[in-house]
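Visitor: Could you take me on a close look at one part of this model, the place where two chains meet? I would enjoy a connected account.

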Amino acid sequence: MKLSKWMTISMASLALAGGVLTADADSMVLSGGEKLDLGEKVSVFDGERSFFGSQLHDWLMEDKAVTTVEEAIKKENLFPKNEAYSHDVAQMAVDVLRRGKLYQVRSEDKGICYQGMVVSIALSDADEMKLALYSAALDIQSKEAVKDNQAEAKELAPLLAMTHGQLTVKAHSDWADKTSKKGLAYSTGSAQISIIRDGFTLPVYLKAIIHKDKGMTTYTLLAADQASGAYFEPVVDKALAGAGK
Amino acid sequence: MKRMLSLCLGVALLLTGGLSHADGMDGISAASPLVHGESVSTAAAKVMEPLPMEELLALMPESRGFLGDGNLPKGMTFTPFHLSADPHPSAGLLFLPGKKQDASVIAFGMEMKGEAAEAYFHDMFLPEGFTPAAGQRMLHFNIGLMEAETMLNNIFLQTAKGTREATGEPIPYDLMGVSMMHVEQLHKVLSRPKTYGFALSPYLVADGWAVPLYMRGFLAKTGEGYRSLLFLGFQSQKDALDQASYEILRSMK
């Protein structure tokens with residue numbers, strides 16, 4: 001096929017993928033199966049539809065995914081005292097990622113395009129208990145390693161420094177427990193924060209949604225620039241009010 | 001530093017590389033009408049001259065960034081990218097506090113002065129308008145803006161094609177693409193004398209993920225030379241970016 005034809009196809013795909021030229025009703029299914037109808041003005045791009053996203057998804061579905069993650073954990077020596085944890089953590093991580101969802105929400109209004117990223121994961125009660133156990137083990141072992149080895153402490157310093165970035169909160173909502181018209185109970189809250197690192201200030205909008213049902217908890221986070229966040233907040237609230245499974 | 005230099009030169013190149021007769025400009029007509037059947041590209045190719053890189057490079061010794069000088073309007077903060085130890089950095093992140101929302105945008109500001117700068121920009125800022133040569137450069141710039149979408153998509157397509165050939169990976173041809181939602185051609189800023197401005201709204205799509213961007217740029221004559229300003233943010237930050245850019249313009253003397 002000639003390059004010009006590829007160009008035409010590419011541009012058509014771009015227009016469709018970008019949603020610039022089309023406005024269609026779109027819904028978003030969260031990791032636990034909760035469905036949010038975002039209305040006609042918002043389009044949803046599913047990360048699995050991207051080239052790299054689909055490849056990642058295919059890889060996650062393979063049996064060797066757990067082995068690969070397990071090997072990576074062992075290589076990092078995250079659980080030197082409990083090697084069995086490596087397999088359990090790998091299995092859990094792959095399971096969570098298989099169920100996980102990554103979306104981009106987009107909308108065009110008055111010639112301006114808004115976009116935000118949505119990540120949604122579902123954890124079973126058993127997963128959460130294991131996670132707490134592994135986190136505690138990881139924490140104890142890290143502290144011991146730092147105490148035992150000053151050289152290693154120096155290497156860890158930049159990593160630890162990464163977690164000490166300054167955060168400021170410009171505004172936040174109250175954490176609210178609600179129930180949708182279809183009977184879906186959820187908790188939600190939002191905040192406008194600024195992440196300050198190395199003098200750079202990055203203002204972001206975050207909205208968290210938590211839904212617990214039958215031993216499974218779905219954690220969903222919408223992240224966007226603050227202007228896009230302000231645009232999407234009422235849309236998502238309306239969608240949550242009508243959410244169901 | 002090389003990247004900063006390239007960025008600076010890129011803006012200078014854009015602002016000096018061609019010819020135009022945009023709406024709202026006073027000046028001497030420079031562009032001849034298109035011959036029947038002649039495309040804009042063909043016409044542009046006729047009037048484009050090789051870009052005098054030596055002259056542009058000659059501007060550099062007397063050029064300096066100015067956004068970090070501490071003269072920004074109240075509330076704004078400029079944090080230079082840590083790419084060099086330049087005491088007058090030209091590029092960085094500009095924090096714009098707002099009543100309801102804050103924003104951070106990428107900002108570039110460079111002051112150019114000296115003989116080379118005068119030689120280059122003086123004819124764009126004459127009391128009677130601009131010379132035909134300056135008009136040609138501006139038209140060239142505007143044609144560049146209009147053709148940016150096609151040019152960039154060609155680059156993306158060729159890159160995808162090259163990557164497929166080099167790696168054997170079947171990456172999609174439309175892995176990257178851009179659509180210019182809005183192009184505001186280079187024109188005189190009515191509210192501010194001796195200033196040209198332009199704006200672009202590129203809608204970038206990378207592997208299906210959308211990145212709606214907004215860019216606004218200025219070239220202004222000041223008491224000490226010529227200042228080039230460029231701001232880049234998300235489209236959703238357009239209002240904040242526009243307001244801040246004009247405030248910075250007003251704060252310059």
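Guide: Contact here means heavy atoms within 4.5 Å. This is a predicted model, in which local features need pLDDT of at least 70 and side-chain atom pairs count only at pLDDT 80 or more, while totals for chains, interfaces and linings use all residues. Residues are numbered from 1 along each chain as its sequence is written, and side-chain values use heavy atoms, with hydrogens and water left out.

Let us start with A:Q104. Leaving aside neighbours within four places in sequence, A:Q104 is in contact with residues of chain A, including A:F45, A:Q115 and A:M117, and with B:G208, B:W209 and B:A210. A:Q104 sits in strand β4 (residues 101-109) of chain A, strands being DSSP runs of E with at least two residues, numbered from the N terminus. At 1% relative accessibility A:Q104 counts as buried, a word that means under 20% relative accessible area with a 1.4 Å probe, protein chains only.

The side chain of A:Q104 makes a polar contact of 2.9 Å with that of A:Q115. A polar contact is a pair of N or O atoms within 3.5 Å; within protein, one must be able to donate a hydrogen and the other to accept it, and residues adjacent in sequence count only if both atoms are side-chain atoms.

Stepping back, 42 residues of chain B are in contact with 42 residues of chain A.

Terms used: Chains lettered and ligands numbered in written order. Helix = DSSP H or I, 4+ residues; strand = E, 2+ residues; numbered from the N terminus. Buried < 20%, exposed > 50% of the residue type's maximum accessible area, 1.4 Å probe, protein only.
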